[in-house]
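Please look over the sequence and the model shown below before reading on.

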Amino acid sequence: MLESFNFRVMFEYYPLFLKGFLSTGWISLVSLILSLLVGILACAGRLSRSRLFSTPAAAYIETIRSTPLLAQIYFFYFGLPSLGFLVPELQTGILALTLNSGAYMAEIVRAGMQSVSTGQIEAGTSSGLNYFQRLRFIILPQAIGVTIPPLLGQAIVLVKDSSLLSLISVMELTRTGQILTNERFMPAEGFFAVAALYLVLYFLLKSLSTWWQKRLIFRQAV
Amino acid sequence: MWGHYTQQLIHSLPFFLKGLWMTIAVSLLSLIGGTVIGFFAGVGRASRAKWLRRLLSVYVDAIRGTPFLVQLFILFFILPELGVQIKAFPAAVLGLTICSGSYICEIFASGIEAVPWGQREAAISTGLNRYQQLRFIILPQALRTILPPLVGQYVLLIKDSSVVSVIGVLDVTRAGWLTVQRIPEGILVFGLVGIFYFIICYPLIHLVNYLEARMTVQKFRL
C-alpha cells in the first residue's frame with residue numbers, strides 16, 4: 001500500500017498539517033494551564049472544611065468524571081447558544097477541555113500537596129510561619145517537583161482529547177485528516193500522517209516526563 | 001417555551017433508550033474483547049522474552065500516543081481501501097477493543113510484575129511449569145492489584161464509547177446529537193445524555209473505590 005502513498009499530495013498539504021499541528025499544541029497548552037488553575041480551585045474547595053465549598057467542588061468533580069468528554073463538548077457547543085451566549089467554536093472547545101481536565105487536575109494537585117510529609121508542615125508551624133508562608137516556602141516547592149510527571153501525563157491526555165474538537169469544526173490536527181479525506185479522498189495519507197504527528201507530540205511529552213523524573217531522583221539522592 | 005421543549009424531550013425518551021442499549025452493547029463487546037486481548041498481551045508484556053516485550057510496547061505506545069478518534073477513522077476509512085468492507089458497529093467494537101486492549105495490557109503487566117519475586121522462585125523450585133506457575137501462583141495474587149484499575153478502565157471504556165457516535169453508531173451521544181437538531185435546547189438534551197452516562201458510570205467508579213479498599217492487604221498484627 002505504501003507504493004501508492006501519494007507523498008506529493010502530502011507535501012502540497014504541508015502548510016495545513018503544520019497549521020493543525022501548531023493549533024493542537026496551542027489548544028493543549030492553553031487548556032493545560034487553565035485547567036491547572038481550575039484544578040487548584042477545585043482541590044481547595046474539595047479539601048475545605050466548609051460544606052459551602054466542598055459540596056459544589058465534589059459535585060463538579062463527580063459529574064465530570066462520570067460523563068464523557070464528547071457529551072460535555074456537545075453540551076457547551078449546543079447549550080451555550082440556547083442561553084444566548086454566541087461563543088466561537090475554539091473558545092467553546094477550550095472551555096469544555098478546561099472544565100473536563102480541571103476535575104482530573106484537582107486529584108493531581110491533591111496528591112502533590114499530600115506528598116509533602118507532615119513533619120515539614122509541623123516544622124514550619126513551630127518555626128512561626130503562618131499558613132501562606134508555609135504554603136510558599138515549604139509545601140509548594142516540594143509539591144511542584146512531584147506534580148510535574150502527572151501534569152505531563154495530563155498534557156498527553158489533553159493532546160489526545162483535543163482531537164474531539166475537530167467534531168465541532170475547530171481547526172486542529174485531526175481536522176486536517178478529515179479535510180484530506182473529504183477534499184482528496186485520501187484517508188490513508190491524511191490519517192497516517194496525522195497519527196505520526198500525534199506520536200511526535202506524545203514522545204516529546206513522554207521524554208520530558210522521563211527527564212524530569214531522572215532529575216528528581218538525582219536531586220533527591222544529592 | 002421550556003415546558004414545550006421538555007414535553008418533546010419526554011416523547012423522544014424511547015429514542016434515547018435505544019441509544020442506551022447500543023452504548024451498552026458496544027461497551028460490553030469491547031470490554032470482553034479488550035480484556036481478552038489485554039490479558040494475553042499483559043502476560044506477554046511481563047514475560048522474560050525481550051523481543052516480546054519490545055513488540056508489545058510498540059503496540060501499546062502506538063495506541064496510547066494517538067487519539068482514539070484518529071484510530072477509529074483509520075479503521076473505518078482505510079480498511080475498505082484494503083478491501084475489507086466494514087460497517088459502523090463492527091468498526092466501533094474493533095476500534096474500542098484494540099484501544100482498551102492496550103491499556104488493559106499495561107494493567108495486567110504491572111499487576112503481574114507486582115507479585116513478589118519470591119513467589120515465582122517458590123513456584124519454580126516446587127517444579128511447576130510456566131503455565132502452572134501463572135495459573136496457580138502468580139495470577140491469583142496479581143488479580144488483587146489488577147481488579148480496581150481494571151474496573152476503572154471499564155469506566156473509561158464506556159466514556160470512550162461516546163466517540164463512536166461520530167461514525168454513525170446510534171448510541172446515547174448520537175441520539176442526543178440527532179435530537180438537538182430538532183429540539184434546540186442543548187442544555188436539556190445533553191443534560192439528559194449526561195444523566196444516562198452518569199447512571200452507568202457513577203456506581204462503577206464507587207465500585208472501584210470499594211474494590212481498592214477491599215483489595216489492600218491488611219497489615220498482619222500479632
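In which helix of chain A is A:S66 found? A:S66 is found in helix α3 of chain A, where helices (H or I, at least four residues) and strands (E, at least two) are DSSP runs numbered from the N terminus. This is a predicted model, in which local features need pLDDT of at least 70 and side-chain atom pairs count only at pLDDT 80 or more, while totals for chains, interfaces and linings use all residues. Residues are numbered from 1 along each chain as its sequence is written, and chains are lettered from A and ligands numbered from 1 in the order in which they are written.

**The residue A:S66**
- A:S66 counts as buried because it has 21 C-beta neighbours inside 10 Å; a residue is buried if 20 or more other C-beta atoms lie within 10 Å of its own, exposed if 12 or fewer, and partly exposed in between, with C-beta atoms placed from the backbone.
- Leaving aside neighbours within four places in sequence, A:S66 is in contact with B:Y197, B:F198, B:C201, B:Y202 and B:I205, where contact means that the C-beta atoms of two residues, placed from the backbone, lie within 7 Å.

**Chain A as a whole**
- Chain A holds 9 helices and 0 strands, and 38% of its 222 residues count as buried.
- The C-alpha trace of chain A spans about 70 × 50 × 25 Å along its principal axes.
- Among contacts in chain A between residues at least 6 apart in sequence, 73% join residues at least 24 apart.

**Helices α3 and α5 of chain A**
- The axes of α3(A) (residues 51–66) and α5(A) (residues 89–114) come within 9 Å and cross at roughly 115°; axes are lines fitted to C-alpha atoms, for helices over the stretch in contact, and angles run from 0 to 180 degrees between N-to-C directions.
- That angle makes α3(A) roughly perpendicular to α5(A), a term that covers angles from 65 to 115 degrees.
- In this pair, A:Y60, A:I61, A:I64 and A:R65 of α3(A) meet A:L99, A:N100, A:A103 and A:A106 of α5(A).

**Where chain A meets chain B**
- In the contact between the chains, 29 residues of chain A are in contact with 31 residues of chain B.
- Helices α3, α4 (69–83), α8 (173–184) and α9 (187–221) of chain A each supply at least two residues of the side that touches chain B, and α9(A) gives the most to that side, with 9 residues.

Terms used: Angles under 35 degrees count as roughly parallel, over 145 as roughly antiparallel, 65 to 115 as roughly perpendicular and the rest as oblique.
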